[in-house]
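Let's take a look at the salt bridges in this one. Have the sequence and the 3D view open as you read.

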Amino acid sequence: MRHVAPLLVCRVCQACVHARCYGLPDVPAEHGWTCSPCAQVQQQAGRAAPSSCALCCLRGGALTLGADGRAVHLVCAALLPAVVVTGPGERTATAPFDRHRRCDYCGQWRGVGVRCSQPECDALMHVTCCQAAGGRFCPQPAGLAPLVTCREHAGPQESGLTVGEVVWARHRSGLYHRALLAQLSSEIMYTIRFEDGSVSRDTSPQHIANYNCTSDGAPPLNARVHVHWTDDRLWPGVFCGEKTHVQCQVVFDDGCRLSLPRNRVFGLHEQLPKRIANKLADSLGQQAPRRAPAAGRRRAPKANRRYTDSLFA
């Protein structure tokens, strides 16, 4: 019979965790157990206060203390590639948010972000924000960062568009123009991680040699596969998941016809990400000007005393 670690409930914050997940080799006494953040607060101030995770800034949940003394969620520490595990209950973040970027979901600058693993996707988010929005994490073998899929690329889903409607699409100029959606097509692609650490996210099911994916479907997750490559050789790898790639063929007003991935096409009814809204073109094909700051709110320039003060006064 498989051994199941007992559940522990903190007597202060009521967080419920497995003893093994929390890094406890021995089960505490039955009179009560206190998680690390609550125990630290009780020792310092005599009372416990709700702690927030230093990696995602959310309060509550299963928290432990990092090597730097800050509280972190167990799930954040386990899924962030920028977090170093130094021992049971000792995890420390090594790569904070870039101060020029925010979490795409909650908009906060603080914490540690994780990026989507899909090519040409620059989504940046907290672990808990990604999970709450419907994103996915695919664990990998020891020593490798997990594959992260943001909300827009999480699993097979409907395109949400219909042929013949007007959409915002990325033009060759880099700006987003109005265009007519002429055709929709979809294709299932596999994500394969090879032994040398490289990852292919657009492997066709027909290239898997040791599984009949055409009739039997995708291999089990983390299954060993052999992939026919362009050099006519079989390369061993690990199956990490599948994704339905939706291609949109659009026609612009200037007659230009392009085939674009779904993340480069947006319906007029969809809420545009901020990074896309800043690239919308106006009716003349130029980038729309950004809104000027309200009058009276601009800070008045200050004189530099280094050049205004007389050196001989």
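## Glu 195 and Arg 224

In this predicted model, Glu 195 pairs up with Arg 224 in a salt bridge, with 2.8 Å between the closest N and O atoms. Glu 195 sits in the loop between β12 (176–194) and β13 (199–203), while Arg 224 belongs to strand β14 (residues 224–228), so the contact ties together parts that are 29 residues apart in sequence.

How exposed are the two partners? Glu 195 has a relative accessible area of 58%, so this residue counts as exposed. Arg 224 comes in at 48%, which makes it partly exposed, because the exposed class needs a value over 50%.

## Arg 275 and Asp 104

Next up is Arg 275, which forms a salt bridge with Asp 104; here the closest N and O atoms are 4.0 Å apart. This pair links distant parts of the chain, 171 residues apart: Arg 275 is in helix α5 (residues 274–277), and Asp 104 is in the loop between β6 (90–93) and β7 (114–115).

As for accessibility, Arg 275 is partly exposed at 30%, and Asp 104 is partly exposed at 35%.

## Arg 262 and Glu 270

Arg 262 and Glu 270 make a salt bridge too, their closest N and O atoms lying 2.6 Å apart. Glu 270 has a relative accessible area of 23%, so it is partly exposed; to be called buried, a residue would have to be under 20%.

## The tally

How many salt bridges does the model have by this rule? The count comes to 3.

Methods
Residues are numbered from 1 along each chain as its sequence is written. This is a predicted model: local features need pLDDT of at least 70, side-chain atom pairs count only at pLDDT 80 or more; totals for chains, interfaces and linings use all residues. Side-chain values use heavy atoms; hydrogens and water are left out. A salt bridge is a side-chain nitrogen of Lys or Arg within 4 Å of a carboxyl oxygen of Asp or Glu. Helices (H or I, at least four residues) and strands (E, at least two) are DSSP runs, numbered from the N terminus. Buried means under 20% relative accessible area, exposed over 50%, partly exposed in between (1.4 Å probe, protein chains only).
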